[in-house]
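Walk through this fold strand by strand, then turn to its surface. Keep the sequence beside the model as you read.

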Amino acid sequence: YVAPQGGVISLHDGNATPTFGIVGGYKHRIGQTNFMAGGQLTVQFDTYNEMGAEFDIAPTISYVTKPGGFYNSFEATFGLGLGWRSHPGGFAFVPEVNLTYWFNWFGFGATFRYSIQKDKEHVHYDYYTERTFSTYDPADQKFIGARFSFRF
């Protein structure tokens with residue numbers, strides 16, 4: 001499947017910025033159950049260039065209400081990914097939930113993603129006390145977005 005998506009990401013400083021990206025993935029039905037397993041790759045950029053680029057790769061598991069049919073089925077997907085963020089920089093653990101309603105070969109849905117990563121450290125030197133101290137910028141981010149999906 002391929003899914004362009006757009007939404008809002010809440011940065012560590014409390015600001016929110018619009019983001020747009022694309023998701024590509026593969027899922028395979030597990031036996032004759034309503035579950036599917038697979039993986040997906042997400043590439044996303046923000047419009048104000050406050051965050052920069054982000055990349056995620058995640059194994060996923062899905063529950064589908066009508067697993068072999070393409071009409072009027074609902075899918076809930078949970079993914080545990082590893083990602084890279086250009087702001088504040090570094091790798092992140094990225095749990096996410098995707099909800100999609102499939103009409104036929106296309107669907108509409110919502111994505112909720114939380115990016116957990118190491119805080120950014122700033123080292124300072126105080127010339128008066130001749131001591132070094134550190135301050136930290138929290139790095140966790142929250143994303144909520146809408147997606148249009150196409151499966152083939």
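β6 (90-102) and β7 (106-117) pair in the antiparallel sense over 9 bridges. Here strands are DSSP runs of E with at least two residues, numbered from the N terminus, and two strands pair if DSSP finds at least two bridges between them. A92 has its bridge partner in β7: Q117.

This is a predicted model, in which local features need pLDDT of at least 70 and side-chain atom pairs count only at pLDDT 80 or more, while totals for chains, interfaces and linings use all residues. Residues are numbered from 1 along each chain as its sequence is written, and side-chain values use heavy atoms, leaving out hydrogens and water.

β6 also pairs with β5, again in the antiparallel sense, over 13 bridges. L82 has F93 of β6 as its bridge partner. The β5 and β6 hairpin has 4 residues between the strands. There, G89 takes a positive phi near 110°.

Now the surface. F93 belongs to a nonpolar patch, as do V8, I30, F35, I61, Y63, F78, L80, V97, F112, I116 and I144. Together they have about 1000 Å² of accessible area (Shrake-Rupley method, 1.4 Å probe, only the protein chains shown counting as cover). Patch residues have over 30% relative accessible area and no salt bridge, and nonpolar side chains (Val, Leu, Ile, Met, Phe, Trp, Tyr) are joined within 5 Å. A salt bridge puts a side-chain nitrogen of Lys or Arg within 4 Å of a carboxyl oxygen of Asp or Glu. β4 (53-64), β5 (73-85), β6 and β7 each supply at least two residues of the patch.

I30 sits in the loop between β2 (16-29) and β3 (35-46). I30 counts as partly exposed because its relative accessibility is 38%, between the buried limit (under 20%) and the exposed limit (over 50%).

Notes. Patch = residues over 30% accessible without salt bridge, like charges linked within 9 Å, V, L, I, M, F, W, Y side chains within 5 Å. Buried < 20%, exposed > 50% of the residue type's maximum accessible area, 1.4 Å probe, protein only.
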